[in-house]
Amino acid sequence: MRRERSRDTTDAPMTTQSYDVIAVGSCHNGLVAAAYAAAGGKKVLVLERNAWFGGGVVTRELTVPGFRHDQHSMAHIFIQGNPLLKNDELGLKAKHGLTYVFPELPMMSVFEDGSTLGLYRDRERTCADIAKFSVRDADAYRWLADKAAGYLPMIEASLYTQPTPLGATYALMDQSREGRELWRYMQMSSHDLLCSVFEHDRVRMHFARVAGENLVSPDEKATGFGTFVFVGFLEAYGIGVPIGGSGKLTDALIASIESHGGEVRGETDVERILVKNGRAAGVVTKDGRELLAKDAVIAALHPHDLGKMVDGLDPQVVRDAEATQISDVGCITVHAALKAPLKFRAGDHVRAVMIELLPNDYDTMRKSFDNLRYREFSGYPLVGLGSLTMFDSSRAPAGQATMHAWDYVPYERADGRDWDEAKHRYVKRMLSHMENFIDNVADNVIAYHSDSPVDMERTSSSFRRGDLHGIAATTYQYGAHRPTPDLGFNVVPGCERLYLVGPFQHPGGGVFGAGRAAAVRMFDDLGLDFEKVGARA
Ligand SMILES: Cc1cc2nc3c(=O)[nH]c(=O)nc-3n(C[C@H](O)[C@H](O)[C@H](O)COP(=O)(O)OP(=O)(O)OC[C@H]3O[C@@H](n4cnc5c(N)ncnc54)[C@H](O)[C@@H]3O)c2cc1C
């Protein structure tokens with residue numbers, strides 16, 4: 001587990017300290033950008049409000065000693081195509097201890113009647129599972145997976161660098177039949193797409209639940225293309241499970257920064273960015289100290305905080321940032337230390353990274369997402385879970401197990417009750433729902449830790465209102481328009497040398513390592529050669 005640093009922040013006369021680059025927040029995206037800067041020869045300081053590091057990529061002993069829980073992200077999917085890992089640009093795997101396993105079964109739907117449907121890395125195994133429900137749909141999956149594999153290089157080319165301007169992208173798409181087809185998928189809802197591809201409701205539900213992992217209903221327009229993205233990545237890479245926990249990525253990034261003489265400091269809350277002559281010149285901490293950055297400041301600034309943290313910006317830039325929309329749906333999680341591995345009623349073959357517990361009827365699931373739209377609890381809980389001790393026994397004492405379960409809930413409860421006071425009642429609902437699928441739940445739990453949407457935003461200012469994407473994943477907050485057209489390129493008009501990172505930037509929430517895009521831009525501005533970083537790392 002990443003050591004939690006409790007440092008007396010008054011012990012050093014920091015006002016006199018000066019760095020080349022300061023990063024605000026030890027989020028994985030900020031650490032990625034900072035690690036590239038350090039490898040590029042810059043003197044780097046990372047400042048983190050919490051006593052622990054990693055933002056959404058953290059592993060902690062949340063329950064009892066010896067049980068390591070990924071408090072937020074556990075599935076490292078989209079970062080696998082990032083040259084950061086694909087080419088090991090910073091030596092995170094070769095030098096800094098990052099190791100992944102890629103289980104053969106990334107995701108499995110378990111239906112209440114005990115039937116299952118797996119999404120394997122091996123296409124024919126997936127087809128065999130789908131054929132249990134519909135032979136025609138197995139063929140349709142071959143078509144979908146072929147398409148997804150065809151789109152993958154284009155998708156990968158767009159995820160880890162700055163986005164292309166949207167107007168130019170659409171104009172290009174409009175010039176070919178393939179481009180127009182792609183545009184159509186991008187505008188469709190997942191539900192509409194899945195109904196046009198598959199005939200069986202269970203198969204549709206299986207893929208629709210994947211769309212739901214973005215905190216959106218499958219009925220939401222402009223979510224259709226996500227199915228191609230997910231299938232393309234899962235077949236090409238699977239889901240990476242870091243040995244030792246999600247926080248091992250954070251640890252490796254910190255080790256990389258430290259190996260170049262950089263520093264990562266906890267319990268330091270940054271109140272504002274210091275701006276001099278229209279340029280980011282450092283930061284001011286909550287306890288009033290100034291830390292200077294000669295070249296650049298990298299910051300995980302939620303768009304709603306931009307105006308409070310950066311003085312002198314165009315009021316319209318600030319207003320637009322404050323107007324960005326947060327999802328109505330929040331996340332609640334339960335992390336449990338278990339006496340023994342879970343016993344699924346469906347059978348021992350339920351060994352997937354992500355296990356979705358689903359109703360027998362697709363419309364029941366769709367209606368649950370509808371409930372959330374009206375800020376009600378879902379009629380049928382939308383529980384997903386991972387028990388990663390299945391693949392990494394280092395996370396619990398021998399013979400025991402961990403469980404990470406999640407569900408979607410409104411941030412503001414329709415019953416008016418406070419999450420702090422009523423959270424455990426909801427956890428009981430989740431656990432008792434799980435008993436419909438699993439033989440050993442309640443009597444198996446040694447201890448649990450739960451984060452409501454309110455807890456979630458306390459652990460990271462990014463997870464506002466429990467939105468794990470920082471701001472909603474909608475078309476109008478997408479690509480170069482994420483979070484706003486002004487801020488979509490990781491820079492801030494009116495404040496040079498300030499580089500934005502976090503889930504509210506392109507390509508959105510998730511473990512992407514997208515801080516690389518901010519680093520590329522920063523290297524350009526500083527006249528550094530990004531291509532040479534790999535050689536120095
Ligand atoms: C419950 C949950 C489950 C998830 N599961 C997955 C998953 O399985 N796979 C996946 O890909 N994604 C998942 N995600 C999403 C993913 O974790 C996040 O989208 C992503 O990690 C957020 O970006 P980040 O790592 O850059 O961290 P952020 O959360 O953006 O980190 C921000 C950090 O900066 C610090 N900070 C902010 N402001 C200041 C300041 N002023 N001063 C000092 N420090 C500051 C914060 O304390 C925090 O540590 C999940 C998220 C949640 C909440």
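Tutor: We will take charged pairs, then a residue inside the fold, then a pocket. Keep in mind that this is a predicted model.

Student: How many salt bridges does the structure hold?

Tutor: Side chains of opposite charge can pair when their charged atoms come close. The structure holds 41 salt bridges. One of them joins the side chains of Arg366 and Asp363, at 3.2 Å from N to O. Arg366 and Asp363 are about one helical turn apart, because they lie 3 residues from each other in helix H13.

Student: Which residue forms a salt bridge with Lys286, and where do the two sit in the chain?

Tutor: Lys286 pairs with Asp269 at 3.8 Å, N to O. Lys286 is in the loop between strands E11 and E12, and Asp269 is in the loop between strands E9 and E10, 17 residues apart.

Student: Are Lys286 and Asp269 buried or exposed?

Tutor: Lys286 counts as exposed because its relative accessibility is 54%, over the 50% cut-off. Asp269 has 19%, and under 20% means buried.

Student: What does Ala33 touch?

Tutor: Ala33 is in helix H1 and is buried, with a relative accessible area of 0%. Leaving aside residues up to four places away in sequence, Ala33 touches Ile298, Val501, Gly515, Ala519 and Met522. Ala33 and Ile298 are 265 residues apart in sequence, yet their C-alpha atoms are 7.5 Å apart in space.

Student: What is the volume of the second largest pocket?

Tutor: About 280 Å³. Of its 15 lining residues, Leu215, Glu220, Ser327, Asp328 and Val329 are the closest to its centre. The lining has 8 nonpolar, 4 polar and 3 charged residues.

Key. Residues numbered from 1 in each chain as written. Predicted model: local features only at pLDDT ≥ 70, side-chain atom pairs only at ≥ 80, totals over all residues. Heavy atoms only, no water. 1 Å grid on protein atoms, 1.4 Å probe; cavity = no way out; pocket = protein on both sides within 12 Å on 5 of 7 lines; lining within 4 Å. Points joined across faces, edges and corners; volume = space filled by probe spheres on them. Nonpolar A, V, L, I, M, F, W, Y, C, P; charged D, E, K, R; others polar. Helix = DSSP H or I, 4+ residues; strand = E, 2+ residues; numbered from the N terminus. Buried < 20%, exposed > 50% of the residue type's maximum accessible area, 1.4 Å probe, protein only. Contact = heavy atoms within 4.5 Å. Salt bridge = Lys/Arg side-chain N within 4 Å of Asp/Glu carboxyl O.
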